[in-house]
Amino acid sequence: MQEKINLLVKKAIEELNHTKDMNELMLLKSKFLGKKSEFNQFMQEIKNLPNEEKPKVGQMVNLAKNEISQKINEVKRQIEEEQILNQLKKETIDISLPGKKFPLGKKHVITQTIEEIEDIFIGLGYEIKEGPEQEQDLYNFEMLNLPKDHPARDMQDSLYISEDTLLRTHTSPVQVRTLLEYVGKKPVKIIAPGRVYRKDDDDQTHSHQFHQVEALVVDKKTSLSDLKGTLLIAAQKLFGSERQIRLRPSYFPFTEPSVEVDVSCYVCSGKGCSMCKETGWIEILGAGMVNNNVLKAAGYDPDLYQGFAIGFGVERIAMLKLGIDDIRNLYTNDLRFNSQF
Ligand code: DAH
């Protein structure tokens, strides 16, 4: 009997040693310790033994069962530990792997430039005003000292919708709208950013749709030196604090006198290079003192009120600042282009 039991224990331990899997372990458990196991048969046999042998054999069987139970528990623990290790291995984060980049969007160059100009003027106490893109001829031209048949209307090729409405050719009509709104109420100190339209063929430097920011100040005792100081601040903020400006006489119907504003070349600092065509100066925008006819049309007495206006071409400023040589790049929305700025 002893031998049989020893053999069985040996066999059980051997099989248990090879077990790698919980299901298999459970099967072995019932095979060696379950109701139909050989051990159970031994227990049955004990009944038939002579009384004096029963306790001895019983003890032997119990010891053997304990030994197998312990082994089963040991193997069970090993399998569980291995399962946890495997799980951990699967869930480990490999910090050396390249991360997944979340593709973040970015403001377009034109938006960036408009906001840059806005920030400069907000810092000087200006208010932002907007007007409609479909505009009345009255505000786009007539009240800006451009009556019908005025030859200067040819300076801007216009897209008319009806006889009296057109897609605005500039942001200057917002001047008129604001003057009419504020007359007799408060001084005017505004900028008007927005889209404008021209009947132009698109090429490297022209687009049928582009952006402007208009600045307008109308108050008592506003002078050309206020305009010049404002232009200098704007030019230095946009092109660098070392820059100087130069005003050249020009013509716009809505300003008198009118000026063309140049900034000292930010590439060669004014010495002369290909950027400034060896002149040391780069033309950036147009400006002037508000024409008396514009003031009068909006109900202001030009003997009491004066004003100045500035017209920024957003694309021009962006292209100069960033060295962009084809305006069409600003509209194709090619991410390879946009992401450079
Ligand atoms: N409105 C002009 C244009 O589109 C630009 C301009 C020039 C605006 C001079 C102004 C100004 O306010 O004073 O060509």
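Asp 149 counts as exposed, at 77% relative accessibility. Here, buried means under 20% relative accessible area, exposed means over 50%, and partly exposed lies in between (1.4 Å probe, protein chains only). Asp 149 sits in the loop between α6 (137–140) and β3. Its phi is near 70°, a positive value in a residue other than glycine.

The structure is a predicted model, in which local features need pLDDT of at least 70 and side-chain atom pairs count only at pLDDT 80 or more, while totals for chains, interfaces and linings use all residues. Residues are numbered from 1 along each chain as its sequence is written, and side-chain values use heavy atoms, with hydrogens and water left out.

The chain has 11 helices and 10 strands. These are DSSP runs, numbered from the N terminus: helices are H or I with at least four residues, and strands are E with at least two. The radius of gyration of the chain is 45 Å, whereas a compact globule of 341 residues would have one near 20 Å. This radius is taken over C-alpha atoms, and the globule rule is 2.2 Å times the number of residues to the power 0.38. Along the principal axes, the C-alpha atoms fill a box of roughly 140 × 45 × 40 Å.

Of the 341 residues in the chain, 41% are buried. Contact means heavy atoms within 4.5 Å. Among contacts with a separation of 6 or more, 66% join residues 24 or more positions apart.

The largest nonpolar core has 43 residues. Such a core is a set of buried Ala, Val, Leu, Ile, Met, Phe, Trp, Tyr and Cys residues joined through side-chain atoms within 4.5 Å. Phe 121, Ile 284, Ile 310 and Phe 312 have the most contacts inside the largest core. Helices α5 (109–123), α8 (224–239) and α10 (314–322) are among the elements that each supply at least two residues of this core. So are strands β6 (209–220), β8 (255–264), β9 (281–290) and β10 (305–313). A second, separate core of 22 residues includes Phe 141, Ala 152, Leu 166 and Ala 309.

Phe 312 has contacts beyond its neighbours within four places in sequence; these include Ile 117, Phe 121, Val 213, Ala 234, Leu 238 and Ile 317. Ala 234 lies in helix α8. Ala 234 is buried, with a relative accessible area of 3%. Residues up to four places away aside, Ala 234 touches Ile 120, Phe 121 and Phe 312. The C-alpha atoms of Ala 234 and Leu 124 are separated by 9.9 Å, although these residues are 110 residues apart along the chain.

Tyr 160 lies in strand β3 (residues 159–160). Tyr 160 is partly exposed, with a relative accessible area of 37%. Not counting residues up to four places away in sequence, Tyr 160 touches Asp 137, Phe 141, Arg 153, Thr 165 and Leu 166. Tyr 160 and Arg 198 are 38 residues apart in sequence, and their C-alpha atoms are 9.8 Å apart in space.

Lys 277 lies in the loop between β8 and β9. Lys 277 is not a glycine, yet its phi is positive, at about 50°. Lys 277 counts as exposed, at 69% relative accessibility. Pro 257 is found in strand β8. The peptide bond from Glu 256 to Pro 257 is cis, with omega near -5°.
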